Amino acid sequence: MSRDAGSPVSDATGTAPPAGGRFVVGNAWDALDGVWPELPPLVSVVVVHYRQQAELDRTLAALARQSYPAERLEVIVVDDGSPTAPTVPDGVRLIVQEDRGFRLSAARNVGVAASSGSVLCFVDADTSPEPDYVLRLTRLPALAPEAVTVGQRKHADFAGVLSGDGGGGVGAVAVPVSEPVEAAGPAHELEQPRWLQQAYSWSVDLLHADDRSYRHLIGAVTCCTRWFFDQVGGFDESFTSYGGEDWEWAHRAWLAGGVFAHVPGAVAWHDGPDWAGRAAGAGSGSAGSAGSADSAGSAGAREDEEARRQAEKNGETLRLADLIAVQGSRGFGVRSRAVDVCVELVADAGTPISAGAAFVAVDSVLAAMPDVTVVVPDDVASVFEADQRVLGRSTGAAAAGLGSARVVVTFHGPVRVLPAVEADGSDDARVQALAAAVGLGDDVARDLRTTTDAVGVGSLGTVELVDPSGRALVTVESRRAALRARRWGAGVAFVSHRASVDWLTPVTGEPSVAAYLGGWG
């Protein structure tokens with residue numbers, strides 16, 4: 001679906017975007033191709049540093065050579081407690097936080113708090129941008145305040161550690177800091193992560209982003225508006241070891257209605273390989289004269305180091321699996337702390353739901369989707385006391401689930417979800433759902449799982465499921481669509497779809513629970 005970018009219509013909710021900001025439908029940032037802001041916004045570049053003076057010097061020199069108007073650019077360096085505070089040139093603000101271990105998230109948040117710009121760029125001390133980096137990366141956020149852009153992070157061996165041309169000593173810098181990065185980078189280029197390049201290619205630079213595209217936003221080359229950063233909330237300061245804090249923030253940004261875009265022309269060069277390229281022994285030769293005992297010892301040391309690195313990566317993955325409950329990130333059977341889909345059973349006005357009707361509705365939902373959280377009226381909550389997935393409406397946990405879930409499914413009265421009919425093929429349901437969401441075909445409502453997978457992706461925000469007579473039974477709404485509607489008005493930043501289905505049926509009167517459980521009614 002093609003729609004032009006629009007403007008906000010109301011500020012009644014207290015979440016109104018900045019004046020002059022625009023929305024796009026879904027993630028369709030290509031509606032703004034070729035458009036530039038009339039006035040370049042004030043941009044704050046937050047650079048986090050720890051014991052990397054040479055790399056910081058290179059990055060600050062690169063920032064001083066930006067094509068972006070110098071009077072509209074401020075640079076803030078936040079030092080994460082280095083033994084010796086770094087030196088910075090005049091015009092660059094330095095903030096030093098106490099050394100209390102790895103606190104990248106806290107450092108970024110401190111930098112944001114001290115900033116003056118309406119647009120934020122996050123850069124690490126060892127990641128040096130080419131001259132047009134700020135200009136290109138800030139264009140979309142300056143136009144569409146929900147945009148979160150990621151530059152192209154390339155890798156180079158500036159220090160000469162891998163190639164040996166700089167001696168490989170501590171602090172050795174083979175490439176002079178004064179050499180422009182747009183020349184030095186290609187001359188010393190290392191391989192880029194293939195999985196990330198493939199992701200950008202498959203998604204057309206994140207134009208077709210989905211619920212797992214948070215993995216394609218790299219914190220060291222990310223940009224957003226200050227307004228949207230405040231909407232999302234800062235980086236999670238409980239992350240106190242390397243990795244994961246940028247993906248966790250990016251996931252929250254997506255749920256908050258973020259528009260993800262990769263800007264390949266905004267290039268920044270990271271000094272050294274990516275995480276996978278930092279494996280023990282990577283880039284180093286072997287001494288042909290080494291004895292077999294030494295070789296065996298070296299191999300054992302490498303195996304130990306690889307096991308240590310894998311354990312660290314597993315720790316990051318497990319932490320994210322608990323915080324990001326989307327399919328492909330959470331466990332297959334183990335539940336995450338975060339709520340992905342929250343189903344609410346709502347009684348019609350003046351028509352209370354009986355315990356039997358509530359049981360049939362809730363049990364059928366959990367049979368179809370065992371991993372969801374269900375919220376029920378307080379007067380029937382005791383029926384489900386033994387099942388921690390079911391919460392009374394007045395509980396704090398219910399409010400938290402409804403407020404944070406990726407998708408909220410509202411049952412308008414007790415509705416039974418009929419068992420799915422097994423398909424002959426082995427098509428991936430999620431792929432089918434995403435494809436259907438693009439065309440808004442009936443496949444998008446093939447079953448409850450398919451529908452909850454489809455909303456919030458592409459332009460589809462809400463699906464209303466009705467029976468053959470047109471009676472509304474269930475509404476499936478993504479959090480992205482709900483928040484966008486508050487900011488821009490209903491039905492403009494996402495589209496809605498109405499589908500007639502035969503796998504939902506209202507529970508009328510007082511049902512026979514025995515017949516339901518026994519399979520004869």
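# Close-up views of a predicted model

**Figure 1. A network of salt bridges links Asp211, Arg330, Asp340, Asp371, Arg406 and Arg449.** The model shown here and in the other views is predicted. A search of the whole structure finds 23 salt bridges. Side chains of opposite charge can pair when their charged atoms come close.

**Figure 2. Arginine 406 and aspartate 211 form a salt bridge.** The N to O distance between the two side chains is 3.3 Å. Arginine 406 sits in the loop between helix H10 (396–404) and E12, and aspartate 211 in the loop between helix H5 (194–202) and strand E7 (221–225), so the pair ties together parts of the structure that are 195 residues apart in sequence. Both arginine 406 and aspartate 211 are buried.

**Figure 3. Arginine 406 also forms a salt bridge with aspartate 340.** Here the N to O distance is 2.6 Å. This pair links distant parts of the chain, 66 residues apart: arginine 406 is in the loop between H10 and E12, while aspartate 340 is in the loop between H8 and E9. Aspartate 340 is buried, as is arginine 406.

Figure 4. Glutamate 312 is partly exposed, with a relative accessible area of 49%.

**Figure 5. Seven strands form an open sheet with mixed pairing.** The strand order is E11-E10-E9-E12-E15-E14-E16. Strand E11 (390–392) and strand E16 (495–500) are the edge strands, each pairing on one side only. From one strand to the next, the twist averages 20°. Helix H9 (residues 355–368) lies across strand E9 (341–346), strand E10 (373–376), E11 and strand E12 (407–412). The helix runs at about 165° to E10.

**Figure 6. Strands E14 and E15 pair in the antiparallel sense.** Strand E14 covers residues 460–466 and strand E15 residues 472–478, and the two pair over 5 bridges. Valine 463 has valine 476 in E15 as its bridge partner. Strands of a sheet pair through backbone hydrogen bonds, either parallel or antiparallel. Helix H13 (residues 479–488) lies across E14 and E15, running at about 80° to E15.

Conventions. Residues numbered from 1 in each chain as written. Predicted model: local features only at pLDDT ≥ 70, side-chain atom pairs only at ≥ 80, totals over all residues. Heavy atoms only, no water. Pairing = 2+ DSSP bridges. Helix = DSSP H or I, 4+ residues; strand = E, 2+ residues; numbered from the N terminus. Axes fitted to C-alpha atoms, helices over the stretch in contact; angles between N-to-C directions. Contact = heavy atoms within 4.5 Å. Salt bridge = Lys/Arg side-chain N within 4 Å of Asp/Glu carboxyl O. Buried < 20%, exposed > 50% of the residue type's maximum accessible area, 1.4 Å probe, protein only.
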